[in-house]
Amino acid sequence: MAVRTRFAPSPTGYLHIGGARTALFSWAYARRHGGEFILRVEDTDLERSTQASVAAIVDGMRWLGIDWDEGPFFQMQRLARYKEVAEQLIAAGHAYRCWATKEELDQLRAEQRARGEKPRYDGRWRPERAKARGLVPPAGRPPVIRFRTPEEGTVGWHDLVKGPIEFPNAELDDLVILRADGVPTYNYGVVVDDLDMNITHVIRGDDHVNNTPRQIHIFHALRAQLPQFAHVPMILGADGERLSKRHGAVSVMQYPEDGYLPEALVNYLARLGWSHGDEEMFTVEQFVEWFNLAHVSRSAAQFNPEKLRWLNHQYVKRRPDTELVPLVAPRIQRSGGKLGSGPDLAAVVALLKERSETLDELAAQAMMFYSETKPTREQLEQSLAGEARAALAELAAKFSAVGDWNTESVMAAVNVVMDKHKLKLPKIAMPLRVIVFGRTQTPSLGPVLALAGKKRVLERLQEHLAA
């Protein structure tokens with residue numbers, strides 16, 4: 001049977017790191033085995049589901065390069081199907097209608113807690129128990145439909161990540177599968193969907209382990225073959241707590257905003273709970289070729305923003321300059337930079353990307369070539385103190401005489417002036433950086449002056465030396 005996996009997010013917010021990793025693992029498993037990957041939207045939370053969240057999830061997956069073969073399918077467009085299957089379960093004796101009110105259920109739970117028992121539905125509307133109690137369906141009150149959960153024995157499966165898992169049926173009560181308004185509950189809707197879509201492997205976070213026994217019971221009641229289950233470990237923050245907003249866990253689409261490359265985030269997510277030997281960096285193609293569930297860890301993974309930044313830096317350095325240009329240019333323009341007034345951006349990128357962990361950092365550094373940043377009065381006074389003013393005046397004259405303006409000719413002029421005035425490089429480089437670029441730190445002096453161009457360097461020197 002061909003492998004078919006799925007990613008089934010709820011559109012109640014953005015695509016977060018945990019969801020993105022689940023999608024990535026499911027996608028990679030399907031691609032590794034020549035199978036198909038399905039996108040399904042579980043939009044039954046009517047109060048919280050939004051189209052904006054659907055768009056955020058789709059955008060996030062597309063940015064990461066996670067493509068799907070079918071979908072997106074929406075549960076709210078399949079209500080008739082859930083009702084149909086629920087009626088089949090009732091007819092087969094695996095489900096029944098329940099008219100218990102919220103008040104009755106609250107009272108039941110309170111009484112159970114008072115007795116020191118685990119709060120649970122007592123099955124009072126099971127047909128045989130309702131008859132024994134003399135319960136009569138009330139007129140005008142729409143019922144929910146509950147699944148008749150086996151009360152004895154155990155339910156288990158061999159998890160492809162965690163190994164054998166088993167639950168006693170006595171721990172489970174009769175869950176609601178269809179609400180009174182016809183909307184399915186999670187554990188029921190997911191089974192019908194997985195059956196209809198022929199899902200062979202359910203790969204998801206291990207917070208779903210406790211849902212699996214209920215779903216297995218429904219599969220069995222429908223006489224359906226079980227998919228294989230693989231529950232991947234949760235992602236923790238640096239403090240050992242589950243990853244959340246307070247750890248900086250943001251929408252996947254915040255990462256392109258902050259200057260991350262998709263291949264860096266994909267590489268990082270792949271290594272969160274999975275490994276291939278000691279490989280730290282690999283292409284998407286390598287990941288798909290290597291991915292298997294046997295090497296998914298059973299232990300929780302820890303999200304490390306610093307490691308992600310380091311990895312992004314490696315990918316920034318590897319990206320061809322011409323590919324980085326269209327990613328960096330809009331960032332410079334948003335910051336007020338004027339690309340037409342500076343050097344070729346590809347050359348600037350080539351110079352700066354070795355020092356830039358993100359595209360934002362690259363753009364911020366590049367601004368020294370495309371903005372009119374001027375030194376402060378205090379910076380200028382410090383820069384022109386002592387021997388510096390005379391040395392810079394002489395350097396301006398030397399620069400004026402340079403014919404072929406490049407790194408070598410610029411530094412040759414600098415070295416002549418340094419030797420004459422017996423100055424070390426920092427004594428002349430720091431004032432030059434402040435005067436020409438309005439900042440104290442830049443890459444090596446020769447290349448940045450060469451890129452800035454003779455006209456700009458001379459204009460800045462003459463302007464501030466005359467002040």
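**Strand partners and a buried arginine**

In this predicted model, Arg97 has Ile145 as its bridge partner in strand 5.

Q: Which residue in strand 8 is the bridge partner of Ile145?
A: Strand 5 (residues 144-147) also runs antiparallel to strand 8, joined to it by two bridges. Arg146 is bridged there to Val176. For Ile145, the partner in strand 8 is Leu178.

Q: What is the order of the strands in the open sheet of three strands?
A: Strand 5 is joined to strand 4 by four bridges and to strand 8 by two. The pairing in this open sheet is antiparallel, and the order is 4-5-8.

Q: Which strands stand at the edges of that sheet, and why is one side of each left without a neighbour?
A: The strand order is 4-5-8. One side of each edge strand has no neighbour in the sheet because each has a single partner strand; these are strand 4 (95-98) and strand 8 (176-178). As for geometry, the twist from one strand to the next averages 45°.

Q: Which residues of strand 5 point the other way from Val144 and Arg146?
A: In a regular strand, side chains alternate between the two faces of the sheet. Strand 5 has Val144 and Arg146 pointing one way, and all four of its residues named here are buried. Pointing the other way are Ile145 and Phe147.

Q: Is Arg40 buried or exposed?
A: Arg40 lies in strand 2 (residues 36-41). Its relative accessibility is 1%, and since buried means under 20%, Arg40 counts as buried.

Q: With which side chain does the side chain of Arg40 make a polar contact?
A: Leaving aside neighbours within four places in sequence, Arg40 is in contact with residues including Phe73, Asp193, Asp194 and Met197. The polar contact in question has a distance of 3.4 Å, and the partner is the side chain of Asp193.

Methods: Residues are numbered from 1 along each chain as its sequence is written. This is a predicted model: local features need pLDDT of at least 70, side-chain atom pairs count only at pLDDT 80 or more; totals for chains, interfaces and linings use all residues. Side-chain values use heavy atoms; hydrogens and water are left out. Buried means under 20% relative accessible area, exposed over 50%, partly exposed in between (1.4 Å probe, protein chains only). Contact means heavy atoms within 4.5 Å. A polar contact is a pair of N or O atoms within 3.5 Å; within protein, one must be able to donate a hydrogen and the other to accept it, and residues adjacent in sequence count only if both atoms are side-chain atoms. Two strands pair if DSSP finds at least two bridges between them. Axes are lines fitted to C-alpha atoms, for helices over the stretch in contact, and angles run from 0 to 180 degrees between N-to-C directions.
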